[in-house]
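Subject: Structure handover and what was found in it

Dear colleague,

Please find the structure below, with the sequence alongside. My notes follow it, and I would be glad if you read them with the coordinates open.

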Amino acid sequence: MDQNNNPPPYAQGAMTPGIPIFSLMMLYGTGLTPQPIQNTNSLSILEEQQRQQQQQQQQQQAAVAAVQQSTSQQATQGASGQTPQLFHSQTLTTAPLPGTTPLYPSPMTPITPATPASESSGIVPQLQNIVSTVNLGCKLDLKTIALHAGNAEYNSKWFAAVIMRIREPQTTALIFSSGKMVRTGAKSEEQSRLAARKYARVVQKLGVPAKFLDFKIQNMVGSCDVKFPIRLEGFVLTHQQFSSYEPELFPGLIHRMIKPRIVLLIFVSGKVILTGAKVRAEIYEAFENIYPILKGFRKTT
Amino acid sequence: MPGGGRCPDCGSTELVEDSHYSQNQLVCSDCGCVVTEGVLTTTYTDEGNLREVTYSRSTGENEQVSRSQQRGLRRVRDLCRVLQLPPTFEDTAVAYYQQAYQHSGIRAARLQKKEVLVGCCVLITCRQRNWPLTMGTICTLLYADLDMFSGTYMQMVKLLGLDVPSLCLVDLVKTYCSSFKLFEASPSVPAKYVEDKEKMLSRTLQLVELADETWLVTGRHPLPVITAATFLAWQSLRPSDRLTCSLARFCKLANVDLPYPASSRLQELLAVLLRLAEQLAWLQVLKLDKRSVVAHIGDLLQHRHMLVRKAFRDGTAEPGALDTGEEELQGQGWGREDRGHGSLDLPAGKRPASPALLLPPCMLKPPKRICPTPPVSTVTGDENISDSEIEQYLRTPQEVRDFQRAQAARQAATSVPNPP
């Protein structure tokens, strides 16, 4: 096993488990790219996946994958002298990739803030839907767009916008005549951005000088399952100021968390839906806040 | 007589403020010379104080009680009287209505919404005084849609920042059961169906409590559960004569509406009772089914606390636990043996975590579709978008022509009147 455990001094401890999401921007700047894999003998499945991804999308995905590997390594092994793969274009420094990284328990998407899953809950909410808006920067003639685009619907009597859908990533957009566009259906922020660019490109191909201004994520919805039943009547008794439980109207309990400002729908089967977030970290934070409270309503025999 | 001014012509100090129509002027009273005059036009800042006053502010309508508000307040009082609520409730409900009316969103709402608001105020008053009134009742009385009602209700609770306690199940059972017309014989109710009110009430309460313990009430509308429990209680008090009567017929006899989910709640409750019956020594030998278990409901309810605990345990333990169960029941009294449980108290208290056996029905049913975990995808959002991918979404010129032709044809077809 060619483990190269000589981390350059400046790199040691540069990336710690608690790295927040915005540091990705720093890494983009430092030009990180992945290292060729040293040993393929005892790679876990996740490592295998990462390797394939790296080989396919080297130029653009490079920094992303590097963060993923190093954060997963860091998270599972602590900041124990792992070399982040610093890579300046000419030099090919070999970086160690431990062959026996344990499989990371939860399904992580690449740009997850590195909260280790072994924190309080071990459950990571999955994002289900992201709503974003973008301004195409020019007025649009909806009738022409609806005529020339095969994936568009336009019914001026019902709703004053064109409804356009694309297959990859599977999303829907509402395009208004003012040039503003609302996009829904993506499962991650990057997918949302990619889809918005595709819509803009479709509109461009129709001869409209569309631009891509002010991309903003308006809402994110996540869901997860705590896997035990919850006594909603008890919960609403203790959290009456923030919760509303009306079984005659809706089977779930509506809990409005103040910090972060998220609305949670809690059901008796243990499923929790979180909505109202502008960034992914708010959803994770809200879930970590609610999980101990929910556990309190479950006594283990 | 302003001081300190001198007429430039004659030098006198007798200057008088005298307006010529709307123009202010300072005039010397001796020689009539106009010393200064005001401006005929006003500047924007001057007009700040004189700007046009809106109708709503000038008529004082915000200080008075408007006609629609008066009508609403009358409706609140009428509704309280129809429901035969105590007089104090009326005043509280009226106060809530007035409070809600202060908010501009409510004031400008449609009449339909204001009508529903009347019901919301009455409902909130009843909830706060533990008077069991369901939303369904109010919606029926107001001929309102439950969706509209729920929206207005949630909005009102949020606007006024109210603390509305949940519906009290015990009180609801008492009022609902009392409304069943089965307590005296009549032409439509034969003698064998008549039942004593107190007995039926107490047994229904026990059944509802059992349903609550076994996760049949949380998250569901309370009324169908109570209907099912009342039906079972009534049947079990005289099973030989009443087993032949169905739930629908029972509700018709009692002159009560049958809520749609009541039959599935009934099945769930019977399933729970059957499971409890498996734990009772003298019932294990009889192979009970959903009909025959009704006759033994009395016994099951008498020992329900212990049976539920056992049903819990049997969920995790092996069938060998049945023998220990028999020993326990040999003597009449079962002691609170230390099996590591807390005491089982009222439905609203905390319950032990359920093993696989005692779960809400939604968790026991197999999932309708297996949600695949999404593949770990690395998408940056900045990838290149290939032209061919975009081309697939655009129509070819031929398709455009076809589409236009089809649209024109459809227009023509809809404009031609149908031949008789």
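The charged end of A:Arg231 sits over the ring of B:Trp215, at 3.9 Å from the ring centre, where sitting over a ring requires NZ of Lys or CZ of Arg within 6 Å of the ring centre and within 35 degrees of the ring normal. Within chain B, B:Arg395 lies over the face of B:Phe403, 4.1 Å from the centre of that ring.

Before going further, please note that this is a predicted model, in which local features need pLDDT of at least 70 and side-chain atom pairs count only at pLDDT 80 or more, while totals for chains, interfaces and linings use all residues. Residues are numbered from 1 along each chain as its sequence is written, chains are lettered from A and ligands numbered from 1 in the order in which they are written, and side-chain values use heavy atoms, with hydrogens and water left out.

Aromatic pairs

Over all chains, the structure holds 13 aromatic pairs, a pair being two rings of Phe, Tyr or Trp (its six-membered ring) with centres within 6.5 Å, stacked if the planes are under 30 degrees apart, edge-to-face if over 60 and tilted for the rest. One of them joins A:Phe250 and A:Phe267, and it is edge-to-face because the planes stand at 65 degrees, with the ring centres 5.8 Å apart. This pair links distant parts of the chain, since A:Phe250 belongs to the loop between strands S7 (243-245) and S8 (253-257) and A:Phe267 to the loop between strands S9 (262-266) and S10 (271-277), 17 residues apart. A:Phe250 is partly exposed, at 33% relative accessibility (buried means under 20% relative accessible area, exposed over 50% and partly exposed in between, with a 1.4 Å probe and protein chains only).

In chain B, B:Phe231 and B:Trp234 make a stacked pair, 6.3 Å from centre to centre with 25 degrees between the planes. Both residues lie in helix H11 (residues 222-237), three residues apart, or about one turn of the helix; helices are DSSP runs of H or I with at least four residues, strands are runs of E with at least two, and both are numbered from the N terminus. B:Phe231 is buried at 4% relative accessible area, and B:Trp234 is buried at 0%. The two also belong to one aromatic cluster with B:Tyr176, B:Phe180, B:Tyr193 and B:Phe250.

Chain A

Chain A contains seven helices and ten strands, and 49% of its 301 residues count as buried. A:Glu285, placed in helix H7 (residues 280-296), is partly exposed at 34% relative accessibility. Apart from neighbours within four places in sequence, A:Glu285 is in contact (heavy atoms within 4.5 Å) with A:Lys259 and A:Pro260, and its C-alpha atom is 9.0 Å from that of A:Lys259, 26 residues apart along the chain.

Best regards
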